[in-house]
Amino acid sequence: MLRFTLRRVLVALSVAVTVSVASFMLLHLSGDLATAIAGPEATGAQIEAIRIQYGLDRPILAQFFAWAWNALHLDFGHSFYFRERVTDLIAARLPVTLMLGVVALAVALFVAIPLGVLAAVRRDTWIDRVALFVSVLGQAMPSFWFGLTLIMIFAVNLRWLPVSGNATWKHFVLPAVALGYYAMPAVMRLTRNGMLEVLSSDFVRTARAKGLPPRKILIRHALRNAVIPVIALAAVQFGFMLGGSIVVEAVFSLQGLGQLAWESIARNDFPVVQAIVLVLAMIYIALTLAADLLNAFLDPRLRQ
């Protein structure tokens with residue numbers, strides 16, 4: 001287990017370094033940052049002054065190492081637009097995005113796992129067909145369109161829930177459903193396939209031959225083994241949700257990290273964009289590493 005953990009940690013660190021280099025280079029190679037910061041009305045002298053002020057006149061490698069060293073100390077500089085420390089902006093917005101991601105993942109798991117179990121137990125019946133239809137629909141439906149539909153039905157027509165904001169728990173219901181529905185198809189299909197494989201295994205047939213109750217076989221033996229791959233998928237989907245929350249937060253006006261990224265991209269606030277990309281990537285890498293280690297702990301065969 002120790003060797004497996006060290007290998008996974010080394011892979012995670014290499015991916016983290018690659019992501020940090022890529023995020024820095026893509027922003028700096030996309031154009032002249034000094035011109036973008038100064039604006040179209042700036043003169044050549046003003047652009048040159050901004051280039052010197054923000055250290056953009058230094059070699060690109062020197063800029064990267066200085067940025068990476070500061071990032072290791074959680075210092076991402078100051079926002080060009082908000083005139084605040086980027087660390088403070090992210091610290092204020094990140095809890096909203098994390099809350100949205102946790103609630104959305106809970107909604108996805110709460111619906112997808114029972115639906116996948118029912119689809120496996122009632123294979124080739126109308127329940128299985130409905131579950132597959134929901135899965136296909138969830139992948140085909142854009143999250144922004146689904147979010148607008150939820151607003152029209154539950155906020156505008158029925159007036160059960162608020163349209164936008166993040167003041168109370170009610171403000172997270174519609175965004176969590178819109179974001180969680182995106183993760184439901186993959187979780188449901190993986191649960192269904194895992195249950196079908198486990199239900200046809202020898203130890204399940206042995207349990208049936210011993211006369212164990214069907215519910216006990218289903219929950220204690222079948223579901224317990226089939227849900228192991230769902231753990232890794234849930235961690236990956238949670239990372240996708242954090243990265244894909246930009247659209248949902250924009251639709252529902254949630255003041256989270258996704259909304260901050262949208263505002264920063266529109267206003268050429270490059271330090272904020274860089275920091276958000278790095279923070280979300282680090283969270284995703286950490287979640288993937290945790291899922292791999294947990295799966296290896298639960299299933300020793302994966303350590304080989």
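Analyst: Happy to! Keep in mind that this is a predicted model. Let's begin with Ser135, which is found in helix H6, residues 126-140.

User: Is Ser135 buried or exposed?

Analyst: Ser135 is buried, because its relative accessibility is 3% and the cut-off for buried is under 20%.

User: And what is Ser135 in contact with, leaving aside its neighbours within four places in sequence?

Analyst: Three residues: Pro185, Met188 and Arg189.

User: Nice. Switching to helix packing: how do the axes of H8 and H11 cross?

Analyst: The axes of H8 (residues 173-199) and H11 (residues 228-252) cross at roughly 150° and come within 9 Å. Angles over 145 degrees count as roughly antiparallel, so H8 is roughly antiparallel to H11. The crossing is right-handed.

User: Which residues make that contact?

Analyst: On the H8 side they include Leu174, Ala178, Tyr182, Ala186 and Leu190. H11 contributes, among them, Val230, Leu233, Met241, Val248 and Phe252.

User: OK, zooming out. What does the secondary structure come to?

Analyst: The protein has 13 helices and zero strands. Its C-alpha trace spans about 85 × 55 × 30 Å along the principal axes.

User: How much of the protein is buried?

Analyst: Of its 304 residues, 41% are buried. The accessible surface comes to about 16900 Å², and 67% of that belongs to carbon and sulfur atoms.

Technical notes: Residues numbered from 1 in each chain as written. Predicted model: local features only at pLDDT ≥ 70, side-chain atom pairs only at ≥ 80, totals over all residues. Heavy atoms only, no water. Axes fitted to C-alpha atoms, helices over the stretch in contact; angles between N-to-C directions. Helix = DSSP H or I, 4+ residues; strand = E, 2+ residues; numbered from the N terminus. Parallel < 35°, antiparallel > 145°, perpendicular 65-115°, else oblique. Left-handed = near helix turned anticlockwise from the far one by under 90°. Contact = heavy atoms within 4.5 Å. Buried < 20%, exposed > 50% of the residue type's maximum accessible area, 1.4 Å probe, protein only. Areas by Shrake-Rupley, 256 points an atom, 1.4 Å probe, with all protein chains shown as cover.
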